[in-house]
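Trainee: Could we go through this structure together? I'd like to know where the labels come from.
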Amino acid sequence: MFTLAEVASLNDIQPTYRILKPWWDVFMDYLAVVMLMVAIFAGTMQLTKDQVVCLPVLQSTVNSKAQPGTSGKADFTTVETTTGQVEEASMRMVSFGSAPTVTPDVPLSRATSSQYQPTESGQELKKEQKDSSGRKTNLDFQQYVFVNQMCYHLALPWYSKYFPYLVLIHTIILIVSSNFWFKYPKTCSKIEHFVSILGKCFESPWTTKALSETACEDSEENKQRLTGAQSLPKYVSTSSDEGSPSASTPMITKSGFKFSADKPMIEVPSVTILDKKDGEQAKALFEKVRKFRAHVEDSDLIYKLYVGQTVIKTVKFIFILCYTANFVNTISFEHICNPKVEHLIGYTQFECTHNMAYMLKKLLISYISLICVYGFICLYTLFWLFRIPLKEYSFEKVREESSFSDIPDVKNDFAFLLHMVDQYDQLYSKRFGVFLSEVSENKLREISLNHEWTFEKLRQHVSRNAQDKQELHLFMLSGVPDAVFDLTDLDVLKLELIPEAKIPAKISQMTNLQELHLCHCPAKVEQTAFSFLRDHLRCLHVKFTDVAEIPAWVYLLKNLRELYLIGNLNSENNKMIGLESLRELRHLKILNVKSNLTKIPPNITDVAPHLTKLVIHNDGTKLVVLNSLKKMTNVAELELQNCELERIPHAIFSLSNLQELDLKSNSIRTIEEIISFQHLKRLTCLKLWHNKIVNIPSSITHIKNLESLYLSNNKLESLPAAVFSLQKLRCLDVSYNSIALIPVEIGLLQNLQHFHITGNKVDVLPKQLFKCVKLRTLSLGQNCITSIPDKISQLVQLTHLELKGNCLDRLPTTLGQCQLLRKSGLVVEDHLFDALPSEVKEVLNQDTSIPFANGI
């Protein structure tokens, strides 16, 4: 038979699963073990000691009454049979040879012997009667063994023989039913994963830190904070994660409440330090919990399986109780056996005793008692399963007791597992809820971020930009480190791809900060921080995917001078561009919108009278409605780039203060409307580059004050003489066209300083070009020029000369007379430069050799 240790393994559940075993399941497991012991004990006893002892039921008394006249002679004749029939004669003697004088309590041997010796005295007979007991049957030992075995199977009820095995089978079924959900492939993996995560969440130092800080909060203090937060302006973000940047500040969800940045916070020295390794493990736990929730919440298989096995156990209990009750009375000590082997033993009926009957009956009653208790617990389990909705779990109590009021409710199998854990210890769910809170996760990121990005590390990332300002660029961080706001001399702060950026009150100590970049970074600010930004911020860059990502406080920065918006502002969202409207930006001077507009948003016209520069960079979407441009009377610079314009918009001609017009990357083919520019007396710069312009009309002469003309990347084939009548022209760019000839009238441009004709078909340079003695930049690359006249030495102010990509075989030695020209400003093939005389190269190399000498 099995040993107890071997069978106990059937109920061996991994210790880690104990948190999912409520008290009734544990109690039922104990009951199952006791029932298992009953089965093993009964089976062992039955295998070792179970037997029946049978004796034949003698019919002598009955026969003597039925045949009173039978003579002794007949009996004697029956005994004296042949030797081959001794056994049969003996049986006949027992069955029929009883004389009327033989009493039932006299041994058969004595009775027969009295017949053989009728002359013995009566005194001897009485003495033998006193010494004898029972009645001899004349059956040998093998016959008794045979009868006992026959009657064990025929006389005993089947339940007496198989009771231990039935108990064992029932108990195994109940054990399997209790633990099936731990073993079923589609549930055990989820359970194992859940128990693993739950244990790590319970033991995580971050859990202890978060809950400890929550416990340190004073309820009255919280009430005051919550009350005070309700009066905040609506443009200020009021989510809890916008509170004090202190690492020990508790966080709450986006429920309309926040902690004041000026409110001193209670710090707990024992829990304020979080090891970097612990922080990384906690961040990994947040990710695991998020993925596990998404995986488990979509089904309720574990719940259904648990309900199903509970129902099976209940039905099993009812079944066992019903059929067992009918067989309790069948287990008895005495049994009558009729083996029907009279031809072998001479008897038809035997009376048997079952030596294990009393023990088995007591074990059966004990088993029924255990089953009844087991069944009542099953009924209670069913009551618990259907009393409350176990497929929903609320962390309401945890939210009330902690500052993590954003812990979401869960459902389906996730909820059921948490209900089961609550039966073990509710502290598990409370600690687990910390890892469901986004506020908690953000707070952890903030602490880990502050550990990683110290003041010294941030100082190393500060650089000087093109405007010689101190600039710090933070990219793809989990938040803004607190140490950033200790860089008080910072001029420019760039935050890119930081979705959880928060600007605390500490920013008020950055007195030099005037420019802020928010690239896909919907930063949230505190009230004090907003007040500082409103008064000190001058330039703001916002890059976004959808207009809803633009922080609302942006439109209330009353002292803002420059605003750059880069993102999707299609026709459906144009009406949202203002949110709180741009009309509050009374001091806005520069508005740069890089988007996909089909018309200029009406909200822009709210600040139109104050704008001096408007830049609209479209992504190729055609800008149709431009009438609102007429309202921008003070605009001095206007850029409409990549707007699919086919003509110069007429609304531009109303901008009397316009000084610079840039229509880059459009589809303009003709510029006949340029004559209307004569009304724009202040226009000095006209950029029509990257279009499809074929020719320049002579009416361009009416733009008397034009100083810069950009016509590069068009389809020009010639330059009309009218261009060279613009006496104030200082910059002319006609690069990358199809111009084959530089007109001699170019010599009239005595103020020309920059001339770009790269990427054309010019083969000869007119001598008049070198009369433009104020030239500083001359770009002649990628043409067909074969030689450079020696008169280039007249360009004494030349600092940049591009000749690369022509058909030159040498450079003029007079280049050395261009006093300001250096090798760094000379763009030419190396072999041409190397062919110059050494004295010329020495002059051109002065800018590199002089510092070298000084260094020596």
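Trainee: What makes residues 27-47 a helical stretch?
Mentor: Over residues 27-47 the chain is 100% helix and 0% strand, with the end C-alpha atoms 30 Å apart. Helices here are DSSP runs (H or I, at least four residues), and strands are E runs of at least two, numbered from the N terminus. This is a predicted model, where local features need pLDDT of at least 70, side-chain atom pairs count only at pLDDT 80 or more, and totals for chains, interfaces and linings use all residues. Residues are numbered from 1 along each chain as its sequence is written, and side-chain values use heavy atoms, leaving out hydrogens and water.

Trainee: Where does UniProt place the feature "transmembrane region"?
Mentor: An unreviewed UniProt entry puts that feature at residues 27-47, 162-182 and 364-386. Such annotations may be inferred rather than shown by experiment. Residues 162-182 are also 100% helix and 0% strand, with end C-alpha atoms 31 Å apart.

Trainee: How are helices H2 and H9 arranged?
Mentor: H2 (residues 23-49) and H9 (residues 158-183) pack at about 155 degrees, axes 9 Å apart. That makes H2 roughly antiparallel to H9, because angles over 145 degrees get that name, on a scale from 0 to 180 between N-to-C directions. The residues of their contact divide into 14 nonpolar, 6 polar and 2 charged.

Trainee: Why is Thr 310 called buried?
Mentor: Buried means under 20% relative accessible area (1.4 Å probe, protein chains only), and Thr 310 has 2%, so Thr 310 counts as buried. Thr 310 lies in helix H14 (residues 301-327).

Key
Angles under 35 degrees count as roughly parallel, over 145 as roughly antiparallel, 65 to 115 as roughly perpendicular and the rest as oblique. Ala, Val, Leu, Ile, Met, Phe, Trp, Tyr, Cys and Pro count as nonpolar, Asp, Glu, Lys and Arg as charged, and the others, Gly among them, as polar. Buried means under 20% relative accessible area, exposed over 50%, partly exposed in between (1.4 Å probe, protein chains only).
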